[in-house]
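Please keep the sequence and the structure open while reading.

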Amino acid sequence: MPGIVIVGAQWGDEGKGKLTDLLAERADVVVRFQGGNNAGHTIVRDGEEFKFHLIPSGILYPGKTCVVGNGVVIDPAIFIGELDGLRRRGIDPSGLRISANAHLIMPYHVMLDTAGEAKLGKLEIGTTKRGIGPCYADKAARLGIRVQDLLDAKILRKKIMAALEPKQQMLRPFLRDPKLDLHAMTEEYLRYGHRLEPFIADTARLCWDALDAGRTVIFEGAQGTLLDLDHGTYPFVTSSNPIAGAACVGAGVGPADIDEVWGVAKAYTTRVGAGPFPTELDDQLGAHIRERGGERGTTTGRDRRTGWLDLVALRYAARLNRLSALAITKLDVLSGIDPLRVAVRYRSSEGARLDELPYHQSVLHAAEAEYEELPGFEDEIGACRSEAELPTEARDYLDFVSEHAGVAIRLVGVGPGREQVIWMGEAERHLRAA
Ligand code: GDP
C-alpha cells in the first residue's frame, strides 16, 4: 500500500495523534515531516496517557520504523528526554530514525524566540518560544547546524562559531550578557551526538525503499493548514509548512508517492495564540467548549480560543491539501449544545459575501462569519461505535459538514480513548483490506 499523509485541517490540535495512531497500526513506517517540539500529540492507550512532542506516535507499536524527517527541527535535549521517557515506560525505541539533514535547535534559537516575542509586545505572534522560528530562519540563511554535524567535532565547532557572532549581536539589546560559550555549547552538542548516533540515518532513502517495496508509509504533519507559513493567516502562523505538499519536501519523497491525504478537523474550531478567528466564541459557550473539550495546549499549557466550526476555512484546507478523506474529532464535546451553528460564509466589513477565505489579511481580520443553525443532540455519544448508533442530529451535522467541505468523512472521534471512534461507510473495510 501507499503513502498516506495526515494533516491538520484547521489551526492545529485537531487530534491528529489519534488518527496517526490508528492508521499507524497498519503501516510500516511513520514519518514526521515538519515542525519541532512546538507540536504535541496525546495518545491514550489502555487508559495510559502518552505525550509526544518530537517522536512520531507510531513508536508505541513494536517493530515500526518511526522517522523524524529532514523537514523537522530537533531540540536534542527534548528528543533525548522523550527517548529516556519511553525507555522508562518499557517501550523499545530501536525503530526510531532521525534524518541526518534535519536542523538542530540551538540554545541561541530559544533565546532569540523569547527576545523576539518580547520586542513585538502587543503584536506578538504567540509562538511557543521553543526556538523553532529562529532555527528555520537559520536554515534558510544557511547558518543552521544539522544532525549530521554532531558526528564531526571539528565541523560542529566551526559552524557554531560562525553562527554565534551574529547571534551575540542580535541578543545584545535584550540581554547584557547573552552567555553564549562556544566551548561549552560544542561539548554539550557533541554529548547529544553520542546519544543520537545510533538513530541517525538517510531517512529519505529509507522512505523510498519502503514505498518502492509497496509498504505503507504515513507522513504525519504537525500544526494545521491555517498555520501554514505560506498559506495560513500570516504572520500568525508557524514557521514551517504543515500542508500535504510539504510531506514530499520534509521527508524526501516525490508527489507521486502520495496516494491519500487525510485531513483532521474538530467538530468545532480552536486556535492557540494570536491571529484572526472569525467563528470565535468569546463567551460562556466558548468557555464551556474549552472546559468540556479540555482545550489546553499539550506543549504550552495555554488555554485555546474556541469557536464554531468554520466551513469556509475547512473548504480552504480541503482544496489546499486536496483532501481525500476527513476525520472529524471531538464530536462528543458538542452534545448538549442546541442549536449548533456552523459558519458557511463570511461577510466583509463592506457587506460583500465571501464564500472563500479572502486572500487579503485585512479583509479576513474584519470579516464576520455567517452561520447556519442545525439541531443539536442531547445524548452522550462516547459509547457509540457505528454511524447508526449516533443520534440523527449528529449524523445530520456530519452530513452537512461533509457536503459543504466537499470531502467524505471517514472517521469520527467520540472521545479521547483509542477505541472511541466510528469508521464511516467503507473506510474500515478499505483499511482492513489494505
Ligand atoms: P494534535 O495536536 O492534532 O495531534 O492533537 P492530539 O492528538 O494531541 O489531540 C488533542 C486532544 O484531543 C488529546 O487530549 C486527545 O486525547 C483528545 N481527543 C482526540 N480525539 C478526541 C475525541 O474524539 N473526543 C475527545 N473528547 N477528545 C479527543
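A residue is called buried when its relative accessible area is under 20%, exposed when that area is over 50%, and partly exposed in between. Arg-292, at 33% relative accessibility, therefore counts as partly exposed. The model described here is predicted.

**Salt bridges**

Side chains of opposite charge can pair when their charged atoms come close. How many salt bridges does a search of the whole structure find? The search finds 21.

| Pair | Closest N and O atoms |
|---|---|
| Arg-89 and Glu-48 | 2.8 Å |
| Arg-305 and Glu-280 | 2.8 Å |
| Arg-292 and Glu-380 | 3.0 Å |

Take the salt bridge between Arg-89 and Glu-48. The pair links distant parts of the chain, 41 residues apart. Arg-89 sits in the loop between α2 (76-88) and β7 (96-99), while Glu-48 belongs to strand β4 (residues 48-52). Arg-89 is partly exposed, at 40% relative accessibility. Glu-48 is also partly exposed, with a relative accessible area of 37%.

Next comes the salt bridge of Arg-305 with Glu-280. Arg-305 lies in strand β13 (residues 305-307) and Glu-280 in the loop between β12 (269-271) and α9 (284-292), so this pair ties together parts 25 residues apart in sequence. Glu-280 has a relative accessible area of 29% and is partly exposed.

The remaining pair in the table is Arg-292 with Glu-380. Why does it tie together parts that are 88 residues apart in sequence? Because Arg-292 lies in helix α9, whereas Glu-380 lies in the loop between β18 (368-374) and α12 (392-405). Glu-380 counts as exposed, at 56% relative accessibility. Elsewhere, salt bridges that share partners join five residues into one network: Asp-13, Lys-266, Glu-295, Arg-304 and Lys-330.

**The ends of α9**

Helix α9 carries Arg-292. What caps the N-terminal end of α9? Asp-283 does: one of its side-chain oxygens lies 3.2 Å from the backbone nitrogen of Leu-285. Just after α9, Gly-294 takes a positive phi of about 60°.

A distance across the chain is also worth checking. Gly-254 and Glu-291 are 37 residues apart in sequence, yet their C-alpha atoms are 42 Å apart in space. Gly-254 lies in the loop between α8 (245-251) and β11 (258-266). At 24% relative accessibility, Gly-254 counts as partly exposed.

**A negative patch and a cis bond**

Which residues form a negative surface patch? They are Asp-338, Glu-373, Glu-378 and Asp-379. Asp-338 is found in the loop between β15 (325-329) and β16 (340-347). Its relative accessible area is 55%, so Asp-338 is exposed. Asp-338 also takes part in a cis peptide bond with Pro-339, where omega is about 0°. Pro-339 has its place in the loop between β15 and β16.

**The loop between β10 and α8**

Another cis peptide bond runs from Tyr-234 to Pro-235, with omega near 5°. Pro-235 is found in the loop between β10 (217-220) and α8. Gln-223 lies in the loop between β10 and α8 as well. Phi of Gln-223 is near 55°, a positive value in a residue other than glycine. Is Gln-223 buried or exposed? At 9% relative accessibility, Gln-223 counts as buried.

**A positive phi in an exposed loop residue**

Arg-142 also has a positive phi in a residue other than glycine, near 60°. Arg-142 lies in the loop between α4 (132-140) and α5 (153-171). With a relative accessible area of 76%, Arg-142 is exposed.

**A buried asparagine**

Asn-70 is found in the loop between β5 (65-68) and β6 (73-74). Its relative accessible area is 17%, so Asn-70 is buried. Where does the backbone oxygen of Val-249 lie? That oxygen lies 2.9 Å from a polar atom of the Asn-70 side chain.

Key. Residues are numbered from 1 along each chain as its sequence is written. This is a predicted model: local features need pLDDT of at least 70, side-chain atom pairs count only at pLDDT 80 or more; totals for chains, interfaces and linings use all residues. Side-chain values use heavy atoms; hydrogens and water are left out. Patches are made of residues with over 30% relative accessible area and no salt bridge: like charges are joined within 9 Å, nonpolar side chains (Val, Leu, Ile, Met, Phe, Trp, Tyr) within 5 Å. Accessible areas come from the Shrake-Rupley method with a 1.4 Å probe; for residues, only the protein chains shown count as cover. A salt bridge is a side-chain nitrogen of Lys or Arg within 4 Å of a carboxyl oxygen of Asp or Glu. Lys and Arg count as positive and Asp and Glu as negative; His and the chain ends are not counted. The place of a charge is taken as NZ of Lys, CZ of Arg, CG of Asp or CD of Glu. Helices (H or I, at least four residues) and strands (E, at least two) are DSSP runs, numbered from the N terminus. Buried means under 20% relative accessible area, exposed over 50%, partly exposed in between (1.4 Å probe, protein chains only). A polar contact is a pair of N or O atoms within 3.5 Å; within protein, one must be able to donate a hydrogen and the other to accept it, and residues adjacent in sequence count only if both atoms are side-chain atoms.
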